[in-house]
Amino acid sequence: MDKSQLSSEKTELDRFAHWENVYSSKLTTEVSWFETEPTTALRLLEHMLPQGGRIIDVGGGASFLVDRLVSKGTWDITVLDISSTAIEHTKRRLGDAESNVSWICEDITETRQLRTYDVWHDRAVFHFLTNPIDRQAYLDRLNESLSSGGYFIVATFSPDGPEKCSGLPVCRYSPEELEATLGCEFRIVTSSQHNHLTPSGKTQRFTLAAFQKV
Ligand SMILES: C[S@@+](CC[C@H](N)C(=O)[O-])C[C@H]1O[C@@H](n2cnc3c(N)ncnc32)[C@H](O)[C@@H]1O
């Protein structure tokens, strides 16, 4: 095994260990990205997710988005996260309703378990991919798994947002930078800047954007 292979395996292990440690050492209501209601995502989904449509929440963590989607009962829902602790927490919260969701505990840059989706939702996950190889792996999966005409809804820190999240460096994006990163297979449908208030009272600037696969 060469040195670069060893180093990429170490990064991979570190990534799993980092997120396991976060979710096993903090309450889900204490993490900086906690929001009581995924209002912005739900507002976009009302227009973009057809009845019976297939949605994946990538890096869903302990977000309440899945609860709100399950309660409407008309969609095929998948939640993927690298942290088994986050997934177990969310399953417990949902109780019996967890059986209405497909769960994938994997790194999004590595997974082979994806199906085809009409909406790919990502709040504060893509921005952790600071390495171009990881970013390309993510984009390859997005391209392979999103149906033609499907939507990619993404929230990242904006250029005037924090440089780190959960102690990790992030890439910050404007809507135009996201558009350039996605390339010509995606057209931007809507974008906005959004202030997120963390549980400790800090304001974080986000870019929220939705793209349609052409
Ligand atoms: C900042 S949190 C956001 C959680 C959730 N989207 C929300 O809005 O509450 C980032 C989430 O992405 C997950 N994550 C980070 N890197 C990941 C990766 N490479 N593959 C899959 N999940 C990842 C983490 O475990 C964590 O749950």
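**Exercise 1. Confidence**

Examine residues 1-7 and state how the model treats them.

Solution. In this predicted model, pLDDT (the predictor's confidence in each residue, from 0 to 100) stays under 50 over residues 1-7. For this stretch the model has 2 contacts (heavy atoms within 4.5 Å) beyond four places in sequence. The protein chain as a whole averages a pLDDT of 94, and 94% of the residues score at least 70.

Residues are numbered from 1 along each chain as its sequence is written. Local features need pLDDT of at least 70, side-chain atom pairs count only at pLDDT 80 or more, while totals for chains, interfaces and linings use all residues; side-chain values use heavy atoms, without hydrogens and water.

**Exercise 2. An aromatic pair**

Classify the ring pair of Tyr-23 and Trp-33.

Solution. Step one is the rule: rings of Phe, Tyr and Trp (its six-membered ring) pair if their centres lie within 6.5 Å, with planes under 30 degrees apart stacked, over 60 edge-to-face and the rest tilted. This rule gives 11 aromatic pairs. Step two applies it: the centres of Tyr-23 and Trp-33 are 6.2 Å apart and the planes stand at 70 degrees, so the pair is edge-to-face. Step three is burial (under 20% relative accessible area): Tyr-23 is buried at 10%, and Trp-33 is buried at 16%.

**Exercise 3. A cluster**

Which residues do ring pairs link into a cluster?

Solution. The cluster consists of Trp-120, Phe-126, Tyr-138, Phe-152, Tyr-173, Phe-186 and Phe-211.

How values were computed: Buried means under 20% relative accessible area, exposed over 50%, partly exposed in between (1.4 Å probe, protein chains only).
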